[in-house]
Structure formats: structure tokens, C-alpha cells
Amino acid sequence: MKRPEGFDPAARKPQQPVVQAPAPKARKQAPQAKKQPAAPTALPPSSRATPAGRPGVTRPTIRQPATVAPTLAPAQPKAQRLPNVKAELRRAARERKRFERGEVRRFTRRLRSRRAFWLTTGGIAATLVLVLAIAVFSPILALREITIQGTSRIDKKDVLAAVNGQLGTPLALVDEAQLERALSAFPLIRSYVTETVPPNTLIINIEEREPVGVIQRGEEFDLVDPAGVPVQTTAERPADVPLIVVDGAETEGAAFDSAVEVLLALPPAMLAQVDTITASTQDDVRFVIRGVGQSVIWGSADRSAYKARVLTALFAKTKQSVKYEYDVSAPESAVITRR
């Protein structure tokens, strides 16, 4: 009996090996964990299919690996994405504007500094002009009161009457020339100083002339200051002022200047005792002391301060009740002569 074909062991064809197909490369997925594809598995021989009508003959079966679809992150709804984009745009716009403003400030720093300087200078100038205009033209600072100080021999009422024409004038516009002309009418005024006290007061400090001696002119006596300006004229000689006797009674010559310089160099206690001072020339000055008539030969006015100290020492060594003549024209070798 003939065996069916395919069941003869000697004639059985060798089985072909199962060939596995290479696995396809996995696609790049979203940031989720990658899944490895499952390795293909060969079916056992018992499970292999045989073609119908041909028992014992098997065909190789190739199983394709299962492909895994990449998993993507769930897409955000459109309503959620748009606000985020708009916020980023607004933030970028703000950053750009801030940067542009910083650049503008950086490139215009010198211009802004120059503009601030001129604005500050202009403001100060405008303020000064305004203050000056108020001080000059405003009636608020008009002169309302004049005060006279430092007078003893001059009547204050007479001085006020001479300067009252300045009342009503703004303090900044007080006419100094007119004020000087009004005060120069008083020979006893040696000098004066004005002081303005806002808002409406003017103070005039007067320095009167102090008589240093008296000069006889005929039957009258003129009290004169060191400059020879008459301070007062009297019919009788004042008892407490020395009589100045110079050639021709001139008050502008060198002899008068020497006599005045000697009087000013004497100590106050000694000056009060001088009765008469005589100067025939500028190098021949003599004076007489009240009391017993002691006399002093002074010479020139040079070194008057030193001569005054020598004369004071000589007075301390002699009796004032005795008539002496003191010669201090050469102070290093002073001479005392009893008369």
C-alpha cells in the first residue's frame, strides 16, 4: 500500500527556520514615557496551520509586531491658549517700552541737565527781579520814620527838619546826595552813617566834631576841631579848652597842625591841665600848665608819644607846686629847670 506523500520520514522535507522581521523604529513621542514594542513570538509547532488536503506540511508564519501609536498630550482648548498669548504679548510690549524709555533717558541726560540748569537760573533771576521791583516801587517799603542818634551839641529837631523831605520815598530810592547836602549845613557834624531798617525806618548815626582847642579872633573865641573847623563861637573863652596861639591865627598852616598833634598825643589827665599852647613854627611848640605856670618846651611834633611818656615821668618826680620848665625836645636827655 502506498503511503500518502508527506508522511514518509525519509522523504519529509526539512522545516525552514522562522524568520523574524526587524521591528520598526519607535516614533518620537511626547514627553511621556516611551513604550517598548513587544518582541515577536514564534508559535509552537502544534499550533501551526497546515494547508487543507496536505497534512503534515507547515508554512512559516510571520507575525508582525504590534505598532504602538504615539500618545500626545491633550491639546488645550482654544479658549485657554489665547489669553496666555495675549498676556505674553502685553508683557513683551511693556518690556520694550521700558527699554525704550531707558534708552531715551540715557541719550538725553545731558540735554535734561542743561535744561534743568537754565530753568533753575531763570527762576532765580525772575525771583530776584520780582523782589527788587517790590523793594523799589512798592509803597510797603516807603520811608515813614527817621531817627537821629549821636548828637549832643546839635538839636535833633533841626536835623529832622532838614531831612524830612525824604519821607514817603522807598528805602531803596533814598537820595543820598540830597541827604548829604542837608547835613552839610551843620558844621558840628563831622561824619554820619545811615542805616535802613525795613520796612520803613531810616537811622542816621551822627559823629559830632570834638573841639581840641580855642582860637581867639578879635573879641570872640572859636572852638575848633583837629581839622581847624569852627565848632562853636562864644564871646568868652571856655575854661576847659586850651588856647591855641599861632602866627596870624591861621588854622591851615603847619604850625597849627603841629600844635594839634601835640595836644592829641598828651594823656587826657595832662591835656586837661594845658592852659595855652604856642607854635611859632612847626618845630617850636611850647605850652603852659595851669596852676603855678609850669612850662614845657616840646620842640617839633616828631616822636610826640614818646615825649609824652617822658614828660609824665618828669611830672611824677617833681612837685607840682613849684614852677619848673621841662625841656623834652630831646627826650633822651630831658632837662628840668626851676624858675
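## Aromatic pairs

Keep in mind that the model is predicted.

Let's start with F117 and W118. Their ring centres are 5.3 Å apart and their planes meet at 70 degrees, so this pair is edge-to-face. F117 is partly exposed, with a relative accessible area of 49%, while W118 is exposed at 56%.

Now look at Y324 and Y326. Here the ring centres lie 6.1 Å apart and the planes are at 45 degrees, so the pair is tilted. Y324 is buried, with a relative accessible area of 15%, and Y326 is buried too, at 0%. Together with F315, these two tyrosines form one aromatic cluster.

## A threonine beside the tyrosines

Where does T318 sit? You will find T318 in the loop between helix 7 (304-317) and strand 11 (324-327). Is T318 buried or exposed? Its relative accessibility is 16%, so T318 counts as buried, the cut-off being under 20%.

Leaving out residues up to four places away in sequence, T318 touches Y324, Y326 and I336. A polar atom of the T318 side chain also lies 3.1 Å from the backbone oxygen of L314.

## The whole chain

Stepping back, the chain has seven helices and twelve strands. Of its 339 residues, 25% are buried. The accessible surface comes to about 23,900 Å², and carbon and sulfur atoms account for 57% of that surface.

Among contacts between residues at least 6 apart in sequence, 48% join residues at least 24 apart.

Notes:
Residues are numbered from 1 along each chain as its sequence is written. This is a predicted model: local features need pLDDT of at least 70, side-chain atom pairs count only at pLDDT 80 or more; totals for chains, interfaces and linings use all residues. Side-chain values use heavy atoms; hydrogens and water are left out. Helices (H or I, at least four residues) and strands (E, at least two) are DSSP runs, numbered from the N terminus. Buried means under 20% relative accessible area, exposed over 50%, partly exposed in between (1.4 Å probe, protein chains only). Contact means heavy atoms within 4.5 Å. Accessible areas come from the Shrake-Rupley method with a 1.4 Å probe; for residues, only the protein chains shown count as cover. A polar contact is a pair of N or O atoms within 3.5 Å; within protein, one must be able to donate a hydrogen and the other to accept it, and residues adjacent in sequence count only if both atoms are side-chain atoms. Rings of Phe, Tyr and Trp (its six-membered ring) pair if their centres lie within 6.5 Å; planes under 30 degrees apart count as stacked, over 60 as edge-to-face and the rest as tilted.
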